[in-house]
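Hi everyone, thanks for coming. Let me put the structure up, and then we can walk through its sheet together.

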Amino acid sequence: MASILTSALKGTTAAAHSAFATLASASQITVGAPVPNVDVKINAPDQKLNFSKVQGKNVIVLVPAAFSPVCSETQVPGYIERYDQFAAKGVKDIYILSVNDVFCMNAWGKKLHADKAAQVKFVADDSGAFASATGLVFDAQALLGGPRAKRAVIIIDNGKVIHVAVEEDNLQVTVSSAESALAAL
């Protein structure tokens, strides 16, 4: 009996994750749109950040999973290495965002760039609210356990989206690379 209930719950959970991701990604954010008024966490569970209230030109890099190979070895290091080039183009801050908890994001940030902690900030969209509000969520239940942020980059300026680039394949880094984001500035 327990195995029947467990099987039914797993099937129901998978269906719910899939339905949520489908609905949440129905309308992706576009250039000119206001940045969603949604809180994410930075540094600690009680420290909130709302990108709609962030001033200046900022870059938000959405990644599917902290510590994953593509994110850790290709995409995020490109932003860390080129921080000065972004700053020279007027970018105030670069934020790395994933649907993970704040403790995971803090540990990942320290692992990737302990010496540059103030330059590139790691933020937790622990409930997936920002990814959902931007329509940049996908069903990663089979590999990552639930809905996750699509691999993308959003450039914002005083509460407005001025550039969006979303990868068609979450395992590739092309339009969301640091080089592509720099070219968009």
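Let's start with strands S3 and S8 (152–157), which pair in the antiparallel sense over six bridges. Strands here are DSSP runs of E with at least two residues, helices are runs of H or I with at least four, and both are numbered from the N terminus. Two strands count as paired if DSSP finds at least two bridges between them. Within this pairing, Lys57 stands opposite Asp157 in S8.

A word on where this comes from: the model is predicted, so local features need pLDDT of at least 70 and side-chain atom pairs count only at pLDDT 80 or more, while totals for chains, interfaces and linings use all residues. Residues are numbered from 1 along each chain as its sequence is written, and side-chain values use heavy atoms, leaving out hydrogens and water.

Back to S3, residues 57–63. With S4 (91–98), S3 pairs in the parallel sense over seven bridges, and there Lys57 has Val91 as its bridge partner. How many of the seven residues of S3 are buried? Six are, where buried means under 20% relative accessible area, exposed over 50% and partly exposed in between, with a 1.4 Å probe and protein chains only.

Now the whole sheet: seven strands form an open, mixed sheet in the order S2-S1-S5-S4-S3-S8-S9. At the edges sit S2 (48–50) and S9 (160–166), each pairing on one side only.

Finally, helix H2 (69–81) lies across S3, S4, S5 (120–124) and S8, at about 175° to S3. Contact means heavy atoms within 4.5 Å; axes are lines fitted to C-alpha atoms, for helices over the stretch in contact, and angles run from 0 to 180 degrees between N-to-C directions.
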